Amino acid sequence: MRALLLLCCFLASLLLSGQAETEDVSEEAPMRDRSHIEKTLMLGEDKPADDFSAVLQRLRKIYHTSIKPLEQSYKYNELRQHEITDGEITSKPMVLFLGPWSVGKSTMINYLLGLENTRYQLYTGAEPTTSEFTVLMHGPKLKTIEGIVMAADSARSFSPLEKFGQNFLEKLIGIEVPHKLLERVTFVDTPGIIENRKQQERGYPFNDVCQWFIDRADLIFVVFDPTKLDVGLELEMLFRQLKGRESQIRIILNKADNLATQMLMRVYGALFWSLAPLINVTEPPRVYVSSFWPQEYKPDTHRDLFLKEEISLLEDLNQVIENRLENKIAFIRQHAIRVRIHALLVDRYLQTYKDKMTFFSDGELVFKDIVEDPDKFYIFKTILAKTNVSKFDLPNREAYKDFFGINPISNFKLLSQQCSYMGGCFLEKIERAITQELPSLLGSLGLGKNPGALNCDKTGCGETPKNRYRKH
């Protein structure tokens, strides 16, 4: 027994000395040059900020006058659970970090912002360290904001998160940091995916919260490391939620300098093999292979390759920042198209219900028959035949069973009745926004004109503007 005790003490001393030696090495390890980050993201340039207030004011006016009335009248938010606020329209681009636990998401954010060894840095470690959704924003000084405060502040874009309950708000935290990059972008760090953890153990709907951030993210970094390539149920669910967002996904194979060349090639192939069933597109998302942390690359590794990959990712990030307004206008237009399709479908359900009703009919049974089998009444086919709607944009038929289960059909009016002498027709206004107002606003940005030149006094902010930016 005594010999066993001595052996345990000896092994413990070896372990502690090894840890101390590792800590000494990490402290003395040379730090990587950050000049390429400053240059690529143009953080060192002292240029005046672009004035986009007039464009955002006009975009907000188009949304409130041409899109929101129809959205509220047909309760679109209860179908898609996606309500757009003024804070979301004026918000900065959002970069979302997803992936398994301890793959380097928080370390990567620290590295991009240069927060390591400062009081601003996110806590990192080999164990699962991030249990909250952490939002990094710009502020004049370091400040921590509780999730309850973020949700209560209507000026921010996070007020809709209150619907996920108080348990989630306790897992939401905002950090304001006086950093130049955060003046133009917002970073969101998420809890790592742990496959052996059940959803209910988190205490809040993790996948629903992820979906909320995915729907609003301009760029999505899905981070892996060579030791965590296994795909479980939670990761599979995450990629299912990313369907349709492939253009915004960037896959990162982090900690690449820990592997020899031959092993790195095998891991790269294994990553594609694991993700192939989850990403059902012809062209796979871009994969960046590097080590995103402040320490110098390990010797005898592909330093030049890793540096080029890192610069490519930074250029991607910078492109998203530069295209902020274009992406925001395109997002609002896509939302308007979905609202229009939803209104047309509800109108068709209502028209069919009125046509089938007789004096002796049971209204509940008649409408139940329509909802259970809409194809028998050509609900969706009629929409495709009479309007310029793509069949790929049509929502799921099953979703309307739940929608009308909560909202009786008698609560809605026909589109033909949604008109007024002064305000015009809701459908005509949203169609004008989709086909004229939003494309015109987008075109004025694409021609390199000063966005601040757009003035609501001249264009009307909601009326069709004159094309003063026609190409010569």
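Guide: Helices (H or I, at least four residues) and strands (E, at least two) are DSSP runs, numbered from the N terminus. By that numbering, Thr301 is found in the loop between β8 (286–289) and α12 (303–322). This is a predicted model: local features need pLDDT of at least 70, side-chain atom pairs count only at pLDDT 80 or more, and totals for chains, interfaces and linings use all residues. Residues are numbered from 1 along each chain as its sequence is written, and side-chain values use heavy atoms, without hydrogens and water.

Visitor: Why is Thr301 called buried?

Guide: Its relative accessible area is 17%. Buried means under 20%, exposed over 50%, partly exposed in between (1.4 Å probe, protein chains only). So Thr301 counts as buried.

Visitor: What makes Phe133 and Phe168 an edge-to-face pair?

Guide: Rings of Phe, Tyr and Trp (its six-membered ring) pair if their centres lie within 6.5 Å; planes under 30 degrees apart count as stacked, over 60 as edge-to-face, the rest as tilted. Here the centres are 5.7 Å apart and the planes at 70°, so the pair is edge-to-face. Phe133 is in strand β2 (residues 133–138) and Phe168 in helix α8 (residues 166–169), 35 residues apart.

Visitor: How do you know that Phe133 is buried or exposed?

Guide: Phe133 has 0% relative accessibility, so it counts as buried. Phe168 is buried too, with a relative accessible area of 0%.

Visitor: What makes Arg32 count as sitting over the ring of Tyr297?

Guide: The rule asks for NZ of Lys or CZ of Arg within 6 Å of the ring centre and within 35 degrees of the ring normal. The charged end of Arg32 is 3.9 Å from the centre of the Tyr297 ring.
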